[in-house]
Amino acid sequence: MTGACAGDDRHGLIGRREWLRLGATGAAALGLPACAAWEGDASSAELPPLRARAGPGDADWDDVRAHFLVEPGTAYLNNASIGMPPRQVVDAVAAGYRAMAELPARGRSDLSARIAEHVVPGLAKLFSVRPDELTLTRNASEALHLQSIGVALGPGDEVLITSQEHPAGRRPWEFRQVREGIRVNEVFIPSPLPPEEEVLSRFEDAITPRTRAVAFCHVTRGGHLYPVEAICRLARERRLVSLVDGAQAVGQFPVDLTSLGCDAYSVSLHKWMLAPAGTGFLFVRRDARDRIRTAFAPDATPEQPQFDPPGTAAFPVRAAIGTAVDFVATLGLEAVEARCRFLSDHLKSRLAEVSGVTLLSGARDRSAPGSTIFEKEDLDAVAAVGAIEASISSHIDEHQRDGHNAIRISTHIYNTTEQVDRFVEALARTTG
Ligand SMILES: Cc1ncc(COP(=O)(O)O)c(C=O)c1O
């Protein structure tokens, strides 16, 4: 790493229109060299400056809302599905594609330099790992596939997953079951999530002498926060490979991937991290490279693991991850967590006033800050989502899985208590 920024005078092609304050503060928050936030237009430069937040209330976040392009009047409460990139990120993607259209080879090399010198080190710093432990991917699904097929398993070997895994975490193992004769076992995890000891004892009971790996979410689609460190500890004691799906975790609260103790961890950056669609990464712990191998290079070694999928990448999209990382780092992940929790606490207290509502999200230490699931008596969740969306111009989601008939509300920093109230009032009116 040279510590220089793509787009500076050395690279030259993509003229620096303006050093956005965001670029400088975000980089400073990460202890990286200050880079232009690739190259916001005048509208981004005029945005209120970003700064660390004083508190979690609506007024503390009013100026942050100005950075988002959401349709006026729309309450976007489906952030666990896909997040909303701020204006700077949108501008950075556009600027990157423009650079590649103006002079493709130089555009590509400038963007590649930014990815290597700013994006990957920024992510590594934010998630407490070494840059060479991260591989950028198109999404969490790609990373989950790579981490799953990277584990050496033979016919009859078993992998343990949980009943609440996303298809992206389940399908790679089912693929191996059909193709290679491995066996996929499932441990049932109920909602609301039980206390840590019960989750652990369910895992312990499901491990057999043939189990070789455990694969599970950090945060499930419904927002349950699994006790990852404890499950990884159990895996180490039993000499099992531990593989985590972090698609719903990163960007909602601080995550220290080294302390979690997992061997591999797969990430979406286009949900809570507010990066452009089509971004994620795979983390493989350095000393797990003997157990998790690349799918691409026959000559890979633990020193040269070569996890990168080969071929031309979406360079402008990847380079713009840096702008999203700067954005989130400037606000601070602790502040993001407090804000998301404030909004979901407000939602929960309002839901308690609606008759027939059963909350399926557990206590604070067992639920992610931003996602809440609940059922309402005699209400079909899928039909209700459509009816509520139409009646109050909102975006919400159903959670008709894991045996539930639930609605999921996922609130991010830019949502407001007024939007939550509007939703709860619509829910109270909705029947059938
Ligand atoms: C728990 C979980 N894992 C994986 C995924 C897949 O993420 P991506 O779309 O980034 O592949 C999702 C998407 O909603 C998810 O909720």
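This is a predicted model: local features need pLDDT of at least 70, side-chain atom pairs count only at pLDDT 80 or more; totals for chains, interfaces and linings use all residues.
Helix α6 passes helix α7 in a right-handed crossing.

**Stop 1: α6 and α7.** Select residues 140-149 for α6 and 167-180 for α7; their axes come within 9 Å and cross at roughly 35 degrees. Show side chains at the contact: from α6, Ser141, Leu144, His145, Ser148 and Ile149 meet Ala168, Gly169, Pro172, Trp173 and Arg176 of α7. The residues of this contact divide into 5 nonpolar, 4 polar and 1 charged.

**Stop 2: the sheet.** Next, colour the strands. An open sheet is formed by 7 strands in the order β2-β8-β7-β6-β5-β3-β4, with mixed pairing. The edges are held by β2 (134-137) and β4 (183-187), each of which has a single partner strand, so one side of each lacks a neighbour in the sheet. From one strand to the next, the twist averages 20 degrees. Now select 211-217 and 241-245: these are β5 and β6, which run parallel and are joined by 5 bridges. Phe216 has Val244 in β6 as its bridge partner.

**Stop 3: a cavity.** The whole structure holds 3 cavities of 30 Å³ or more. Go to the second largest cavity, with about 50 Å³ of space. What lines it? Select Leu144, Gln147, Ser148, Glu165, Gly169, Trp173, Ala215, Phe216, Leu243, Val244 and Asp245. Two or more residues of this lining come from each of α6, α7, β5 and β6. Leu144, Ser148, Gly169 and Trp173 in the lining were already shown in the helix contact, and the bridge partners Phe216 and Val244 also belong to the lining. By class, the cavity lining has 6 nonpolar, 3 polar and 2 charged residues.

**Stop 4: the largest pocket.** Select Thr135, Leu136, Asp308, Pro309 and Arg318, which lie nearest the centre of the largest pocket among its 28 lining residues. About 550 Å³ of space lies here. The lining has 15 nonpolar, 6 polar and 7 charged residues.

**Stop 5: the second largest pocket.** Finally, select Leu225, Tyr226, Pro227, Val228 and Asp365; of the 19 lining residues, these lie nearest the centre of the second largest pocket. Its space is about 330 Å³. Two or more lining residues come from each of α8 (196-206), α9 (228-237) and α10 (257-260), and α9 has the largest share, 3 residues. By class, this lining has 12 nonpolar, 2 polar and 5 charged residues.

Definitions and conventions
Residues are numbered from 1 along each chain as its sequence is written. Side-chain values use heavy atoms; hydrogens and water are left out. Two strands pair if DSSP finds at least two bridges between them. Helices (H or I, at least four residues) and strands (E, at least two) are DSSP runs, numbered from the N terminus. Axes are lines fitted to C-alpha atoms, for helices over the stretch in contact, and angles run from 0 to 180 degrees between N-to-C directions. A crossing is left-handed if the near helix is turned anticlockwise from the far one by less than a right angle, and right-handed if clockwise. Contact means heavy atoms within 4.5 Å. Ala, Val, Leu, Ile, Met, Phe, Trp, Tyr, Cys and Pro count as nonpolar, Asp, Glu, Lys and Arg as charged, and the others, Gly among them, as polar. On a 1 Å grid over the protein atoms alone, a cavity is a set of points where a 1.4 Å probe fits but cannot get out, and a pocket is an open set with protein on both sides within 12 Å along at least five of seven lines; lining residues have an atom within 4 Å of a point. Grid points are joined across faces, edges and corners, and a volume is the space filled by probe spheres set on the points.
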